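Look at the fold before reading on.

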Amino acid sequence: MSAKSAINKEVFTPHDEKMLVAVQVKRRTKKKIPFLATGGQGDYMTFICLSVTNKKPSHVSITKVKQFQGSLSFSKRSMWTIDQLRQVNGCDPNRDCPEFDLAFDNAFDQWVAGSAGEKCTFIQILHHTCQRYSSQSKPEFVNCQPKLLGDDETVDSVIFRCKVFLNRMRKEVVINSRRQGWHLLLQGNSILHSAADSVTSAVQKASQALNERGERLGRAEEKTGEMKNSAEQFAVTAHKLAMKHKC
């Protein structure tokens with residue numbers, strides 16, 4: 001089980017929450033420690049997590065979770081509501097980079113993510129979630145690449161391209177089947193319909209789930225992978241069918 005899956009299961013699920021996204025981070029600047037502070041617990045990993053309650057009305061939180069060296073458990077350290085978030089700074093609007101800042105009513109942190117990709121995914125989902133759930137004034141997103149703030153169009157275009165690819169494969173197999181004979185056409189159509197129904201069902205279920213949970217970007221990669229695998233399996237089946245009737 002990955003660290004992020006473990007966080008969701010250990011920290012959020014018991015409180016009837018669902019984690020939408022998490023990013024592992026380190027501070028870009030050292031935090032000032034009070035002179036009398038003692039008893040530190042050594043090295044640790046830090047995750048910034050975005051979660052939503054399962055019960056309506058939905059409440060969205062941003063939580064700092066830590067795992068200390070030598071421990072298998074995770075613990076909440078700080079938590080803010082989404083309405084306490086004032087600004088998200090992407091640090092560079094012209095290129096992918098792992099740095100970003102979060103400003104709340106009573107806190108300001110400068111982070112560097114494990115990778116630019118992790119940071120980009122986090123900001124995309126955070127932006128979409130803010131647009132959907134913020135009840136007061138929405139936070140300001142500055143120095144962010146345009147692609148990070150256009151999540152709906154990105155996912156829709158991915159799903160559309162998958163559908164186009166499947167339809168193209170369907171037409172090619174139908175044409176080849178007609179050349180080989182009507183009995184092959186019927187057999188090919190059966191395979192096509194089965195594969196098409198599977199992929200279409202996956203697309204519909206994915207879209208519905210993503211709309212309902214506000215996770216369109218967070219799960220786009222997973223669902224796209226499933227559709228790609230289905231399309232590849234379909235292509236392999238079609239190729240075998242064509243080769244069989246050439247012999």
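Buried means under 20% relative accessible area, exposed means over 50%, and partly exposed lies in between (1.4 Å probe, protein chains only). Helices (H or I, at least four residues) and strands (E, at least two) are DSSP runs, numbered from the N terminus. This is a predicted model, in which local features need pLDDT of at least 70, side-chain atom pairs count only at pLDDT 80 or more, and totals for chains, interfaces and linings use all residues. Residues are numbered from 1 along each chain as its sequence is written, and side-chain values use heavy atoms, with hydrogens and water left out.

**Helix H2**

Helix H2 covers residues 116-133. Its buried residues include Lys-119, Cys-120, Phe-122, Ile-123, Leu-126 and Tyr-133. The expected span of a helix is 1.5 Å times one less than its number of residues.

**Nonpolar cores**

A nonpolar core is a set of buried Ala, Val, Leu, Ile, Met, Phe, Trp, Tyr and Cys residues joined through side-chain atoms within 4.5 Å. The largest one has 28 residues. Phe-100, Leu-102 and Leu-126 have the most contacts inside it. Strands E1, E2, E3, E5, E6 and E7 each give two or more residues to this core, and so does H2. Which element gives the largest share? It is H2, with 7 residues.

Contact means heavy atoms within 4.5 Å. Leaving out residues up to four places away in sequence, Phe-100 touches Val-23, Val-25, Trp-111, Phe-122 and Ile-123, among others. Another core, of 10 residues, lies apart from the largest one. Among its residues are Phe-12, Met-19, Cys-49 and Phe-74.

**Strand E4**

Strand E4 spans residues 75-81 and holds Arg-77. Met-79 also has its place in E4. The table gives the accessibility of these two residues.

| Residue | Relative accessible area | Class |
|---|---|---|
| Arg-77 | 44% | partly exposed |
| Met-79 | 47% | partly exposed |

The C-alpha atoms of Arg-77 and Lys-66 are separated by 6.8 Å, although the residues are 11 apart along the chain. Beyond its neighbours within four places in sequence, Met-79 is in contact with Ser-61, Ile-62 and Thr-63.

**Ring pairs**

Rings of Phe, Tyr and Trp (its six-membered ring) pair if their centres lie within 6.5 Å; planes under 30 degrees apart count as stacked, over 60 as edge-to-face and the rest as tilted. The whole structure has 4 aromatic pairs. The ring centres of Phe-47 and Phe-74 are 6.2 Å apart and their planes meet at 75°, so this pair is edge-to-face. Phe-47 lies in strand E2 and Phe-74 in the loop between E3 and E4, so the pair ties together parts 27 residues apart in sequence. Phe-47 is buried at 1% relative accessible area. Phe-74 is buried at 10%.

Trp-80 and Phe-104 form a stacked pair, 4.1 Å centre to centre with 10° between the planes. Trp-80 is in E4 and Phe-104 in E6, so this pair links parts 24 residues apart in sequence. Both residues are buried.

**Cysteines**

A disulfide is a pair of cysteine sulfur atoms within 2.5 Å. How many disulfides does a search of the whole structure find? It finds 0. For Cys-97, the nearest cysteine sulfur is that of Cys-91, 5.7 Å away. Cys-97 is buried, at 1% relative accessible area. The sulfur of Cys-144 is 8.5 Å from its closest cysteine sulfur, in Cys-91, which is too far for a bond. Cys-144 is buried at 10%.
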